[in-house]
Amino acid sequence: SAKEQGRNNSQLYARAMNIDATSLLELESGLHTALEAGEFVLLYQPKVNPEKSTIVGVEALIRWQHPAMGLIMPNVFVPLAEENGFILPLAEWVLYAACKQNKIWQEQGIATMRVAVNISARQFLQPTLVDTVAKILNQTGLEPQYLELEITESLAMQDVYLTRTILDELYDMGVYISIDDFGTGHSSLSSIKNFPVHSLKVDQSFVRDLPEDRHSRAIIASIVALAQGLNLKVVVEGVETEAQLNYLRSLHCEEIQGHLYSKPISAQKLIDLIAASHDHLSFAPKS
Ligand code: C2E
Ligand code: MG
Ligand code: MG
Ligand code: MG
């Protein structure tokens, strides 16, 4: 089941971070207290226009600053929260924090751009999702076109009829919608055609071996062509090298995201990055 899959993934990532089974249980039972104690933070990773080198948006990525265990990555604790239901309050916190931060950036004249929030399965299927999004936009005063929701392709494909119903409501509200990890979720092309979405985010697994690997090139080129044919924007994530960037530029891909331009960074560091980008636009890897 999807739940078992989530827990397995969580255990795998935990092992990679040297977190044993007991600590994983502690993390799970500590989620609630952690939210109250303010231990969750959002980092922001720029989405960049590869032609102009301008930042067109950011993706909010959650971290848990655990007082004893250090920085915990979302692949470890999001599946736990998804399983025990705590994802709902946590997701609402993420949405609020991201919208609020983006509104502050606008008001301070730092940038007018989209902030993207990842939507988990349980959150997406919650009947109150649309109302919650509307409520948070209202509370923070952020206009809907500056909020982007990222739904993974595999989630979108679970029940295409239901997905379409939910996305229709969000789209009508004016929110920007992306299909995340595109290319890994067994899309039926007719469903993609019928989904009200603005962009496809190509999964980073297809980028890793660019530009040398012929198969990766073929896959990326066809996804970009598909998106362009359907009038959707295409975002490529996981761009780490100049050679990958050059290949993506040759395909006229609209947006890229990856360590080449910036890792996910704090709200304060993002302000510095934006300020620096006004004087000197560069894709040179930051040291
Ligand atoms: P995602 O939405 O596909 O996010 C992209 C992941 O790739 C992020 O990992 C990001 O840090 C990483 N990344 C970006 N550029 C590069 C690159 O050039 N190279 C490499 N190797 N990696 C890159 P992160 O932050 O660990 O997040 C992992 C996943 O956790 C996300 O995948 C998303 O599914 C989930 N997630 C993160 N934040 C949230 C959240 O607030 N809510 C929910 N529900 N899920 C979240
Ligand atoms: Mg994402
Ligand atoms: Mg992704
Ligand atoms: Mg992912």
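**Exercise 1.** Decide whether Asp180 and Glu237 are buried or exposed in this predicted model.

*Solution.* Begin with the definition: a residue counts as buried under 20% relative accessible area, as exposed over 50%, and as partly exposed in between (1.4 Å probe, protein chains only). By this criterion both Asp180 and Glu237 are buried. Residues are numbered from 1 along each chain as its sequence is written, while ligands are numbered from 1 in the order in which they are written. Because this is a predicted model, local features need pLDDT of at least 70, and side-chain atom pairs count only at pLDDT 80 or more.

**Exercise 2.** Find which residues are the protein donors of the magnesium ion (ligand 3).

*Solution.* Look for donors, meaning N, O and S atoms within 2.8 Å of the metal (3.2 Å for Na, K and Ca), and remember that water is not among the atoms, so sites may look incomplete.

**Exercise 3.** Work out how many bridges join strand 5 to strand 6.

*Solution.* Two strands pair if DSSP finds at least two bridges between them. Here five bridges join strand 5 to strand 6, and the two run parallel; one bridge partner of Glu148 in strand 6 is Tyr176. Strand 5 (residues 147-152) is mostly covered, since five of its six residues are buried.

Key. Side-chain values use heavy atoms; hydrogens and water are left out. Helices (H or I, at least four residues) and strands (E, at least two) are DSSP runs, numbered from the N terminus.
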